[in-house]
Amino acid sequence: MSLLSTEAIVLHVFDYSETSRILRLATRDAGVVSVLARGARRAKSRFGSALDLFAQGTAQLYLKEGRDLQTMSAFDVTRARHALGADLGRFASASALVELVLRFGMGDASDELFTVLADALDGVARAAPDAASEAGLAGAWRLVAQLGFAPSLAMCSVCHSALEPDGDVAFSHRAGGALCRSCAALYSKDRTLPAAARVSIAAWSRGQHVSTLAQREARAHQRLLREFLHEHLTDGRALRALDAWEHGGWSTL
């Protein structure tokens, strides 16, 4: 058994026995791990409020090869992100980001993916309530890009010819992105992607900011993201946090 000190983010927490908790952590050096925090439910627990959802800090982990549940002896918080729990829109956006990482990312250690997740959660925490969904979209597309599944937007995803940068384009989830006119006539398309939406997704995938979206635009982007993820990343199971974010986790505008 080895001791690892690593930066970590709390992705999921649930009670275990009368005194302990089990957590899923995204870590910079060990990927996503399940850990047991003994005594975390006690009134005078050494963990205190450190184990709140979305909190980030330094975790002390005892790792044993082949074991599904590791042991955590300490967690020192550096970023609590209380703002994510203070607003429904922020919480829904952050939960969707966490679900992406839990389901599709960090099976192995990834310093880059951990950094993108931390930045995405910080972006949602800083966002005004009426911009929480936009911040979540930005973080989600950046995570998708980091996972290596970003859609093709500047060139046709079938024939790889360059697309006009300012025009609306056909978009196919199965093909992996935008289609030129010739391929759109031969290949089944799912929707027409407006030029402004294409620019926004490309910017978000690079970690760049875009202008604030209207509610209708944000909902359309959420739907596109969900459809794209279901085509390329899901294993048949529902993305519950993503669905709740799209249909019920909207901040009041």
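Two strands are said to pair if DSSP finds at least two bridges between them. The legends below describe a predicted model.

**View 1. Five strands close into a barrel.** Around the barrel the strands follow the order β1-β2-β3-β5-β4, and their pairing is mixed. From one strand to the next, the twist averages 50°.

**View 2. Strands β1 and β2 pair in the antiparallel sense.** Strand β1 comprises residues 2-16 and strand β2 residues 20-27, and eight bridges join them. Within this pairing, F14 has I22 of β2 as its bridge partner.

**View 3. Two helices lie against the strands.** Helix α1 (residues 88-104) packs on the sheet and touches β1, β2 and β3 (31-37). The direction of helix α1 makes about 115° with that of β1. Helix α2 (residues 111-126) lies across β1, β2, β4 (56-63) and β5 (69-79), and runs at about 50° to β1.

**View 4. W141, F171 and F228 form one aromatic cluster.** The model has three aromatic pairs, counting rings whose centres lie within 6.5 Å. The ring centres of W141 and F228 are 5.7 Å apart and the planes stand at 55°, so this pair is tilted. Because W141 belongs to helix α3 (residues 132-147) and F228 to helix α6 (residues 215-232), the pair ties together parts that are 87 residues apart in sequence. The rings of F171 and F228 have their centres 6.4 Å apart and their planes at 55°, so this pair is also tilted. F171 lies in strand β6 (residues 169-172) and F228 in helix α6, so their pair links parts 57 residues apart in sequence.

Definitions and conventions
Residues numbered from 1 in each chain as written. Predicted model: local features only at pLDDT ≥ 70, side-chain atom pairs only at ≥ 80, totals over all residues. Heavy atoms only, no water. Helix = DSSP H or I, 4+ residues; strand = E, 2+ residues; numbered from the N terminus. Axes fitted to C-alpha atoms, helices over the stretch in contact; angles between N-to-C directions. Contact = heavy atoms within 4.5 Å. Phe/Tyr/Trp six-rings, centres within 6.5 Å; stacked < 30°, edge-to-face > 60°.
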